[in-house]
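I opened my notebook for a walk through some side chains. Here is what I looked up, entry by entry.

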Amino acid sequence: MSLEWLVAWGWSLDGLRDCVATGIQSVRDCDSTAVVTVACLLVLFVWYCYHVGREQPRPYASVNALMQGAEARGLQNGLAPCPAPECARRSPEGFNHKLYHNLQEYAKRYSWSGMGRIHKGVREQGRYLSSRPSIQKPEVFFLPDLPTTPYFSRDAQRHDVELLERNFQTVLCEFEALYRAFSNCSLPQGWRLNSTPSGEWFTFYLVNQGVCVPRNCRKCPRTYRLLGSLRTCIGNNVFGNACISVLSPGTVITEHYGPTNIRIRCHLGTLQTLFTEHVVPSAEPCRELALEGRHPCWLRVESRTTQATVIPRGLKTPSGCELVVGGEPQCWAEGRCLLFDDSFLHTAFHEGSAEDGPRVVFMVDLWHPNVAAAERQALDFIFAPGR
């Protein structure tokens, strides 16, 4: 084997020597004018590479600046105006340049193939956002030529819808464990209180604007693993969120538009648990209640002889709860998914009584079914968190 390798190596050296000799002879035979021309082109090429390499990147506004307005006062989806001077919402032209720069960078690394619709959208983004009808007006990015409808059927993302519904009890159990913390007066760790005209709206994020929230995910490990099983979950760009959303009775969310039309928002709802406290002398009654079909008891020891037991009274859909998208009202159903395009003007409210308890949904952002795979990859790159 070694001898064969040496022979092959010798032939390779001979071939290289012949190639170099041939090249030198060709240069000698060339006209001097041709040699000077080639030398000039080489010098120009070296100068161009040096000039491009030493250029400083242009100071584009960050994509994440678009979301600063929503974060400024703990709000989501642009419910608050952007106060930062560098925020792209206050300078659409600068943001369009940033989008185009990101698109060009993606195309250089990968390909322009399949980028026609995104290129068209980036090129005309300012016009699209300013001329959209008032019923649908995404605040950040509009992808043209997508079918528009306030609500989508289950068939739009059938695999993920069925997977979420099959795991309804998993989400419910982890939510109940989280919700027990609300027995204290202060806001539990991981929960966020959003501003509303009336009532209280709490959110518990597992993924917030494309970024995993590790502390929260550790509290809901099975729900977080469920997200990884979804085929169309948006998890790699700033338009992707996954959270538990809780509306207390009397809450109204201000009408607003979502940031983009490239996603559809999925609500797995309605989860609604009524809590009461029973004081029992031992854990024995808890086992009896569990045998009757009620949820296993949560025990909190009050003394050596007395225990306070918190027992869910049951699950039902609260009355007076509605989601209104594009002027069309819909109600949630327990353990069922509701799909809608949140780039339409939308609101939600819970007009039930205190006895009805909170309205709870598990919210996940999924890709719009008409966004192609190549476009998803490009949009993940263009709107990557931190760009």
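Entry one, Thr260. I found its side chain reaching the backbone nitrogen of Ile262 at 3.2 Å and the backbone oxygen of Phe141 at 2.9 Å. I count a polar contact as a pair of N or O atoms within 3.5 Å; within protein, one must be able to donate a hydrogen and the other to accept it, and residues adjacent in sequence count only if both atoms are side-chain atoms. Thr260 sits in the loop between strand E6 (251-252) and strand E7 (263-271). Helices (H or I, at least four residues) and strands (E, at least two) are DSSP runs, numbered from the N terminus. Thr260 is buried because its relative accessibility is 0% (buried is under 20% relative accessible area, exposed over 50%, partly exposed in between; 1.4 Å probe, protein chains only). Leaving out residues up to four places away in sequence, Thr260 touches residues including Pro138, Phe239 and Asp341, where contact means heavy atoms within 4.5 Å.

A note on the source: this is a predicted model, in which local features need pLDDT of at least 70 and side-chain atom pairs count only at pLDDT 80 or more, while totals for chains, interfaces and linings use all residues. Residues are numbered from 1 along each chain as its sequence is written, and side-chain values use heavy atoms, with hydrogens and water left out.

Which side chain of opposite charge is nearest to buried Asp160? I got Arg231, 5.6 Å away, and Asp160 has no salt bridge (a side-chain nitrogen of Lys or Arg within 4 Å of a carboxyl oxygen of Asp or Glu). For charge, Lys and Arg count as positive and Asp and Glu as negative; His and the chain ends are not counted. Asp160 does have a polar contact of 2.9 Å with the side chain of His159. Asp160 lies in helix H7 (residues 158-166).

I noted 14 of them in the structure. In helix H7, Arg158 and Glu162 are four residues apart, about one turn of the helix, and their side chains meet at 3.0 Å, N to O. Arg158 is partly exposed because its relative accessibility is 40%. Glu165 pairs with Arg154, with the closest N and O atoms 2.4 Å apart. That pair links distant parts of the chain: Glu165 is in helix H7, and Arg154 is in the loop between E1 and H7, 11 residues apart. Glu165 counts as buried because its relative accessibility is 16%.
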